[in-house]
Amino acid sequence: RLEVKEAMEGKVGISYRHSTTENMDMLYVAVPVGSAKPYKAVIRLSVPLTYIKSIQSHLLLNVLLAVALGLMISFITAYLFVRRLTKPINEMTYISTSIAQGRYDRRISMNYKDELGVLARSFNDMAEKLERTISDLSDKKNKLEAILKSMLSGVIAFDAKSKVMLANPEAYSIFGFKKDILGKHALEIFRNTKLEDVILSHKDEDKEIDIDYPEKRVIRVKTAAIKDEEGSQNLGLVMVIHDITEIKNLEDMRSEFVANVSHELKTPLTSIKGFAETLRNGAINDDSARDKFLDIINIEADRLSRLINDILLLSDIENKPKEILSEKVDVNKVIDQVKDIMSGAALLKNIKLEFHKCEPPAYVMGEHDLVKQLLINLTDNAVKYTPEAGRVDVSVIRKDDNVSIEVRDNGIGISKEHIPRLFERFYRVDKSRSRALGGTGLGLAIVKHIVVSMNGEINVESEPGKGSRFTVKVLEAK
Ligand SMILES: Nc1ncnc2c1ncn2[C@@H]1O[C@H](COP(=O)(O)OP(=O)(O)OP(=O)(O)O)[C@@H](O)[C@H]1O
Ligand SMILES: [Mg+2]
């Protein structure tokens, strides 16, 4: 046999064969017995192959099991390790998302001892600083906003490209901006070349500018360049706007008033001086001329003194504190006094002047002498601007909580276009006529001032050729 032959030659003989005696596949192994050739004997073993195969598959199973177990153990360890690593990272991700969404008080729990603990600590430090910085910033922003909001001047700040960085509500109201102007270019928001020039020049300026939109106004614009800390780079421009329309109007009114006063004073003065010189140059010897000239001088001097009295009265009412104008005035008593003063003038023109008092007596808050002046001025006008044989009615009417004092005439009347300007100082519908009647044009201005000082209202209805009605409405004093 093959394996025996090989054993006889001193090797380990191995052979697989089908055994006809056993009738199965067998493994044969033969080894020689003894230390050198020739061997006395050979030991031969035979094992069925099926047995070996069963040992083999058993072994495979064990190996597979060991591999599976090994995989499982490493998987679990890896899982635990990864979980240990990702949990804090997930927490950090979650918390940093919350912080990004504005919840600056969020912090990571600190129970990690390794590098993650260090990371968590520095993350928390960072969050802490962020919270403090953001609260400081929003604090500053709130303060700035509150200051800008409460300012009476408009403020607009532009960046270096002349785009709006900031604007307060007053600026919106002065320029009538309806939409948000943040980020808009100066050329987009203003339709005013002077204003645009001031902004685009990026220099410090102080200018008065007329604007037409949303209404005609005069504004004073001050600009200052915004520089960086070294003062070298231009970061933009801040513009402060004051609405000076009212001040301008007052200034204009004042200078107009001074011009008017000077003119009004000059006319009678020139006349007085002229006639005085004529008298001195010889007219004094002509009896009739002397009397005529002296009369004129007298009339002009009267006009001067009336004018000065009226101007003083106006400034007196303007400067009077409100509380002084608050005594209880019996309107019927005023009516009686005005009747005494005005009846003569009415009689001269054959005008039917009638007074209608109110029963029971009505009281208003004001100052007796001023209410009297008011009524004299209105009645004087009614008599003055009503032709001979006309009619003037002065009535006191109580209605609801108010007292109305009404002066009605059937005189020359006033055409519509003059009515809004009647109460201006020195305004006269017909200058020469009023002057001929001795008017200064201050009567209604004084009336208006007195009415305003009493918190009242004055109303005019008039039709040329038919007559006028002036109505003063004041709250009744109880
Ligand atoms: N009842 C009236 N009817 C018609 N015109 C009037 C009447 N009242 C006032 N006016 C017009 O209004 C103008 C202003 O009146 P106002 O009383 O202020 O001045 P004045 O009468 O001319 O002068 P004065 O200062 O002496 O009163 C008058 O010049 C006159 O043209
Ligand atoms: Mg008058």
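Where does D180 lie, in a loop or in a helix? D180 sits in the loop between helix 4 (169-175) and helix 5 (186-189). Helices here are DSSP runs of H or I with at least four residues, strands are runs of E with at least two, and both are numbered from the N terminus. This is a predicted model, in which local features need pLDDT of at least 70 and side-chain atom pairs count only at pLDDT 80 or more, while totals for chains, interfaces and linings use all residues. Residues are numbered from 1 along each chain as its sequence is written, chains are lettered from A and ligands numbered from 1 in the order in which they are written, and side-chain values use heavy atoms, with hydrogens and water left out.

Stay with D180. Its relative accessibility is 49%, so D180 counts as partly exposed. Buried means under 20% relative accessible area, exposed over 50%, and partly exposed in between (1.4 Å probe, protein chains only). The D180 side chain makes a polar contact of 3.2 Å with the side chain of Y172. Such a contact is a pair of N or O atoms within 3.5 Å; within protein, one must be able to donate a hydrogen and the other to accept it, and residues adjacent in sequence count only if both atoms are side-chain atoms.

Now the domains. The assignment gives domain 1 (1-89), domain 2 (151-243), domain 3 (248-318) and domain 4 (322-475). These bounds come from an automatic or database domain assignment. The centres of domain 1 and domain 3, taken over C-alpha atoms, are 147 Å apart.

Three strands form an open sheet in the order 1-2-3, paired antiparallel. Two strands pair if DSSP finds at least two bridges between them. Strand 1 (13-19) and strand 3 (41-48) are the edge strands, each pairing on one side only. Eight bridges join strand 2 (residues 24-33) to strand 3. L27 has V47 as its bridge partner in strand 3. Helix 2 (residues 49-100) packs on this sheet and touches strand 1, strand 2 and strand 3. Contact means heavy atoms within 4.5 Å.

A second sheet follows. Five strands form this open sheet in the order 5-4-8-7-6, with antiparallel pairing. Strand 5 (164-167) and strand 6 (205-211) each have a single partner strand, so one side of each is left without a neighbour in the sheet. Three bridges join strand 4 (residues 154-159) to strand 5. A157 stands opposite L166 in strand 5.

The largest nonpolar core has 52 residues, and L374, L375, L378, V392, V394 and F470 touch the most other members. A nonpolar core is a set of buried Ala, Val, Leu, Ile, Met, Phe, Trp, Tyr and Cys residues joined through side-chain atoms within 4.5 Å. Helix 10 (residues 368-384) supplies the largest share of this core, eight residues. Domain 3 and domain 4 each give at least three residues to this core. Apart from it lies another core of 21 residues, among them I156, F158, I219 and V221.

The buried residues of helix 12 (residues 443-453) include L444, I446 and V447. They pack against helix 8 (287-319), helix 10, strand 14 (457-463) and strand 15 (467-475). Just after helix 12, N455 takes a positive phi of about 55 degrees. Helix 8 holds E300. At 13% relative accessibility, E300 counts as buried. Not counting residues up to four places away in sequence, E300 touches P268, S271 and I272.

Terms used
Axes are lines fitted to C-alpha atoms, for helices over the stretch in contact, and angles run from 0 to 180 degrees between N-to-C directions.
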